[in-house]
Amino acid sequence: MDQFLAQVLNGLQLGFVYALIAVGYTMIYGILKLINFAHGDVFMVGAFLAYFGFTAWHLPWPVAILVAMAVCSLLGVGIERLAYRPLRVKGAPKIAALITAIGVSFFIEYFSSLDFVFGPDYRLVPRVLPDQRWQLGGIVVTNVQVLVLATVLVLVALLQYIVYRTKVGKAMRAVAQDADAARLMGIDVDRVIAFTFALGSALAAAAGALFAMAYPQVHPFMGIMPGLKAFTAAVLGGIGSIPGALLGSLIMGQVEVLTAAYVTTDFRDAIAFSILILVLLFRPSGLLGKTEPEKV
Amino acid sequence: MKRMLAGLLAVSVFALTACGGAAPTGGSGSDTIKIGWIGPLSGEAKTYGVSAKMGVDLALEEAGSMVGGKKIVLVVGDDRGDSTEAVNIATRMLTQDGVSAILGSVTSDPTIAISGLADSYKVPMITGTATATKVTLNEDGSRKPFVFRACFIDPFQGTAAARFAVGELGVKRAAVLYDKGNAYTIGLAESFRETFEAGGGEIVAWQSYSGDDTDFSAIMTNVAALKPDVLYLPDYYGRVSLIAKAAKDKGLDVPMIGGDGWDSPDLDFATLAGGYFTAHYSEQDTREAVQNFAQQFQAKYGEKPDSFAALGYDAMSLLLDAIERAGSTDGEAIRAALQSTQDFPAVGGSISFDENGNPIKFAVLLQVQADGTYKYITNVN
Amino acid sequence: MRKKTALAVAAVALLYVVLFVMRQTGVIGIYWGQIMDLALITTISAVGLSLIYGFAGQFSLGHAGFYGIGAYVAAFVTRSLGGTEFNFLLALAAGAAAAGLIALLIGMPILRLRSDYLGIATLGFGIIVKVLLENADKLSPVLGGAQGMSGIPRLTTFSWVFWLAVLTILLARNLITSSHGRACVSVREDEVAADIMGVDTTRFKTLAFVLGCAMAGLAGGLYAHLYSFLHPNNFDFLKSFDVLLVVVLGGLGSLTGTVVTAIGWVFLLEVLRSVLGQQFLDWRGVVYAVILIVLMIARPQGLMGGKEFSLDRLLGRRAEKGGAQHGAAGMP
């Protein structure tokens, strides 16, 4: 029983990290109907910035994380402005935006792997917290695990506050519901979109930093799988819905870890994507989403 | 149909110009000899390749970049530790550059991938450090005549580690973790298991993972629950560091043993301190060949050599010696000369190749120290 | 036979003879010959995706998965039965058939999804295929699993690739200009409208998808017997993007564009590799990405702009009768 609980805890940690990424995906999709492929790579950049903060820049770790979040939110806004907005202005078909998103993702990955940027190597992230473990009944809990859980909870609470209790959050929800109507009501849609990107990217960066602390290895292509899995989580929970993204991530985290622990590690990724395909086929609106009729 | 024809015509013009302008640069001329070097200069095996190349360069320098009266031209390829990339590079070296011999690769999987090409094109190939048995042997056990290596093989390492565990550490319950996509880790794991069980031990956990995994928490929770006395982690320095950390996180504070893959300046010394591994080289070895090499290496690069540098140096030295004795750049002649090598005084020991293209050598057992150095424990035969 | 067709056949045959002789006599060396073979293999795969996406508008990101299925099935056949010419033919057919069959099974449920979701679903499928290939050694050790499969007999020759490429292009061409094909294009332009007008969208989407994936499977089989070494890492979604880039760059809805771009792309990469050396691999990804982004923003219709190369237009003549061949999609 203890072992099972320990595995659940492992799954929780993973799921929480995915949650921070998934929320960004879902917000951007909600507002733009765009799958921002590059989101996983913002996660990677965040992880690297945290890594540099811990090592070369000698920052205290909370500061390193905040720096990563700040820089990545700018990165997110930059991506939107340079790559997605021109297409939006032109009224280009959704596929063009998706292909562009793929291009941006590639660009960030390969550009980062150039020697003068991050370089292509796998880097070991040094310990920033002294090793501390506690015995809780039969399971071992580390301080890093506690940190991850606590940080994610705080950030999600913050997000909920912003989205549901501030004016800009209201504007975000309005634009997600009907962009044209929002514009008619006087909302600066472009500004709101930029803000959404900034917010989502900051959270992805935080996810990256936490990931680097929990699974201490960074490299330029580390964002691909977590990005896709987080996206799966968002779709599972209902794309466009923030609580959906959270629920989906928790489920994905558990499924992944419990499969690895009790079935086999071999098919870990395959199972995750099988879930994705099944959800898309049988309940495309996800667990918490609403079915949307296709507008002609 | 006519649109296709016009398109194809346009394209063929393109193709012809490209081909015409890039005729093969020809093989070894009358006064030069081309040797190819393939290894990981980037990627997860990077430090091995970088070290090996340094050793190779030192050997070249000592030979004055000449052998048998000809100037040596080294053609370098970075395979990134990837088998497909290694095959592409080797194919290019064999068809376009026309190399007379190949030094490479450094890790087992890419080396196995290109070993077939050596036989196909009848060009001798020697690897300094690829330890998997399949490097020089086909699946049916027959030898690949053009392939040699300068190091011991995986079964030897795994066996040595198991004997140490049973004999010196006195442990009875082992957990073995290996990468199912990496012939090297599989070879080591299997020979460890065989010897460990023969010595009366029990393998309580036999766990595979995938090369892409970063999250070992699930596996480690399971392994820890089985209460092993020792962990055998025969993977590369990066992966081993992750696994060891996950093990410590789950409260598993037992001795850890590994293979020559641990030999790297990028190993997580803090987490792995106290762990043991089998290696090819120790600077604390008093033999003359070792001390001379270490001194020259230090003089040229200002740092100490590791196993991979020593073996890179040996591989190049063995090759040059064979080319001298062969007296020609013909592949078969060099191959024959390599096979007949007797008691060559290498840094790694006195080298003669057996019928499988492997040298008969000893290994050293080292212990990881928290300050980033290794302590020499013993020789293993 | 009409004069134009005869002319075309003669030109293709002449091209074949010229290239063949150049390769035999060593004017085109082994290395560049292999690159040429790869270019033709890429063309076959790209024509497949062109059919699926360029013409039928189905955004598939899992093309490399079918390429991989074809490669491994074909390799398994020759490894098991021996490397004779007949077995090679059998292997290629098996590879293409396997890919096509799986496409049919997957396609039936998946093609109902709309474009961006279809893209993700096919992407997921491609990853699943890769994971299955990594574990293939559980099915049969000769398949190699995560360590790769080696020792595949090198049976792919220029003749095989050339004529199979011509066949594939012809097949695609005939499909597109048939009434089935024009229906596919109508599906691409506006699926809902086509549906309302009575075009059996599902049937045509499935047909294009199955054929396109079978072509990928054929290309995969040829690839396996060219390089003699297969590794699951070669069939990941980066490979799918590679082919997507070729199709988009060449222009959706233009077969000429796809063919020219596929061949040109492979050669361009090799030239860059020779020029840039080691740097090339680092910069290749960046260059791909920039091209893709700039293309989407500046010229989303690609090089050929959705038009086919026409000999008539080249020679300044105008299209008179037989206008249905060049013209817009008619009513099915």
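Start with chains A and C. In this predicted model, 42 residues of chain A are in contact with 40 residues of chain C. Contact here means heavy atoms within 4.5 Å.

Some ground rules. The model is predicted, with local features needing pLDDT of at least 70, side-chain atom pairs counting only at pLDDT 80 or more, and totals for chains, interfaces and linings using all residues. Residues are numbered from 1 along each chain as its sequence is written, chains are lettered from A and ligands numbered from 1 in the order in which they are written, and side-chain values use heavy atoms, leaving out hydrogens and water.

How much area do chain A and chain C bury between them? About 3,700 Å², with 80% of it on carbon and sulfur atoms. Buried area is the accessible area (1.4 Å probe) that two parts lose on being put together, summed over both. On the chain A side, I99(A), F106(A) and L281(A) supply 16% of the buried area, more than any other three residues.

Now the polar side. The rule finds zero salt bridges between chain A and chain C; that rule wants a side-chain nitrogen of Lys or Arg within 4 Å of a carboxyl oxygen of Asp or Glu. One residue pair is in polar contact, both at pLDDT 80 or more. A polar contact is a pair of N or O atoms within 3.5 Å; within protein, one must be able to donate a hydrogen and the other to accept it, and residues adjacent in sequence count only if both atoms are side-chain atoms.

Which element gives the largest share of chain A's side? It is α4(A), with 13 residues. Helices (H or I, at least four residues) and strands (E, at least two) are DSSP runs, numbered from the N terminus.

E44(B), Y48(B) and F152(B) supply 37% of what domain 1 buries against domain 2, more than any other three residues. Salt bridges across this interface: zero. Residue pairs in polar contact: seven, both at pLDDT 80 or more.

Last, the sheet. Six strands of chain B form an open sheet, order β2-β3-β1-β4-β5-β6, with mixed pairing. Strands pair if DSSP finds at least two bridges between them. The edges are β2 (66-67) and β6 (147-149) of chain B.
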